[in-house]
Amino acid sequence: MTTYPEILPLFLPDLNKHLYLPLCLEKLDQRQYIAFFEYMYQMEQNQIDYYEFATLVVYALLDMKKGPRKIAEEELEEAMSNIAQLSNYIEAFFVKTENVLSLKLQYSKNFIDCVDIPLNKKYYGPLQYFEDVSFGEYEDGLNRFLQYNQTPSRKILEELMATFYREKRSGKRYDYFPAEIKEASNNFSNVPMGALYGFYYNFAAFHTYFSSSQVYYNGHIIDLSILFTDQPNDETVNYESPYPSLGIKSTGIEIAKTGVLGNLQQVRSTKLWDVALLLYDMRKKDLDEKAKQELAKKKN
């Protein structure tokens, strides 16, 4: 297994210029990230092959463009040879298993701070770690994310981005109104595919992190993975319902039934991380109670 640096330093003697080729998503800036996923989308849609992808990504990450200067054929061949060699490093972004490349995807930050839309407006994304995202916002975003996985279309990507990207007032994004998303998504019709697809992957990374994360809160490490995985004290029942689950929407309904956060609308308006901590507390108490009952059985 080849080990790559996070950034590859380069020096162009003819130009007396230093360049740096990032070799992991975490080291990309917003421009590079959007360009990377513009080509990633084209490759996954079989519009270009991997070798074309790798070459185009090298040009994009180094911000290199063809200039008007005419160069000798020998010099051109040398330049193309150098680009071809650099394109080999692009595999650092992927994990190779049985000749299948999978993108290394680990949540580290929100890569796209804002996008430009018509009428000279800027729409801003959520804070890092989705700290300002409501439970309802996340619920609707996750549903659209899963919908895209089932039936991919640009329109769904536009709706996904419209779910989280809005104008700001006094430093904060406008409140989330789900009824406006269909219409608001039209504002993203001219947003580059690299931004739409880049946010899709960014959301995928965050969802993976959120559903398996350990967070530091009030002096303790809290393991949120117990909300999404079976634990030893869970009862095993060999029954599978023939009816489809409501998924995360069911979670909101169950919390609303308790009345702890109010009705369903109030639950959806509560910050995602506040809901997660409440769910953790409920789940922990349930597991502790089951453990006590199991211990009592053994004593008897």
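The following exercises, each with a worked solution, concern a predicted model of a protein.

**Exercise 1. Overall composition**

State how many helices and strands the protein has, and what percentage of its residues count as buried.

Solution. 
Step 1. The secondary structure comprises 10 helices and 10 strands.
Step 2. The protein has 300 residues, of which 39% count as buried.
Step 3. Consider contacts between residues at least 6 apart in sequence: 65% of them join residues at least 24 apart.

**Exercise 2. The nonpolar core**

Determine how many residues the largest nonpolar core has and which of them have the most contacts inside it.

Solution. 
Step 1. The largest nonpolar core has 78 residues.
Step 2. Those with the most contacts inside this core are Phe36, Met40, Val115 and Tyr197.
Step 3. Helix α7 supplies the largest share of the core, namely 12 residues.
Step 4. Leaving out residues up to four places away in sequence, Phe36 touches Leu25, Leu28, Phe53, Val57, Phe93, Phe94 and Leu103.
Step 5. As a general background, nonpolar side chains in soluble globular proteins tend to be buried together.

**Exercise 3. The crossing of α5 and α7**

Describe how helix α5 and helix α7 cross, and classify the residues of their contact.

Solution. 
Step 1. Helix α5 covers residues 154-164 and helix α7 covers residues 193-210; their axes come within 9 Å and cross at roughly 65°.
Step 2. Angles of 65 to 115 degrees count as roughly perpendicular. The helices α5 and α7 are therefore roughly perpendicular to each other.
Step 3. The crossing of α5 and α7 is left-handed.
Step 4. On the side of α5, the contact is made by Arg154, Leu157, Glu158, Leu160, Met161 and Phe164. On the side of α7, the contributors are Met193, Ala195, Leu196, Tyr197, Phe199, Tyr200 and Phe203.
Step 5. Sorted by class, the contact of α5 with α7 has 11 nonpolar residues, no polar residues and 2 charged residues.

**Exercise 4. The crossing of α4 and α7**

Carry out a corresponding analysis for helix α4 and helix α7.

Solution. 
Step 1. The axes of α4 (residues 135-150) and α7 come within 11 Å and cross at roughly 115°.
Step 2. The crossing of α4 and α7 is left-handed.
Step 3. From α4, the residues Tyr138, Gly141, Leu142, Phe145, Tyr148 and Asn149 meet Tyr197, Tyr200, Phe203, Ala204, Phe206, His207 and Phe210 of α7.
Step 4. The contact of α4 with α7 divides into 10 nonpolar, 3 polar and no charged residues.

**Exercise 5. Asn202**

Where is Asn202 found, and with which residues is Asn202 in contact?

Solution. 
Step 1. Asn202 belongs to helix α7.
Step 2. The relative accessible area of Asn202 is 4%, so Asn202 is buried.
Step 3. With neighbours within four places in sequence set aside, Asn202 is in contact with Tyr33, Tyr107, Lys109, Asn110, Phe111 and Ile112.
Step 4. Asn202 and Leu105 stand 97 residues apart in sequence, and their C-alpha atoms are 8.4 Å apart in space.

Terms used: Residues numbered from 1 in each chain as written. Predicted model: local features only at pLDDT ≥ 70, side-chain atom pairs only at ≥ 80, totals over all residues. Heavy atoms only, no water. Axes fitted to C-alpha atoms, helices over the stretch in contact; angles between N-to-C directions. Helix = DSSP H or I, 4+ residues; strand = E, 2+ residues; numbered from the N terminus. Parallel < 35°, antiparallel > 145°, perpendicular 65-115°, else oblique. Left-handed = near helix turned anticlockwise from the far one by under 90°. Contact = heavy atoms within 4.5 Å. Nonpolar A, V, L, I, M, F, W, Y, C, P; charged D, E, K, R; others polar. Core = buried A, V, L, I, M, F, W, Y, C linked by side-chain atoms within 4.5 Å. Buried < 20%, exposed > 50% of the residue type's maximum accessible area, 1.4 Å probe, protein only.
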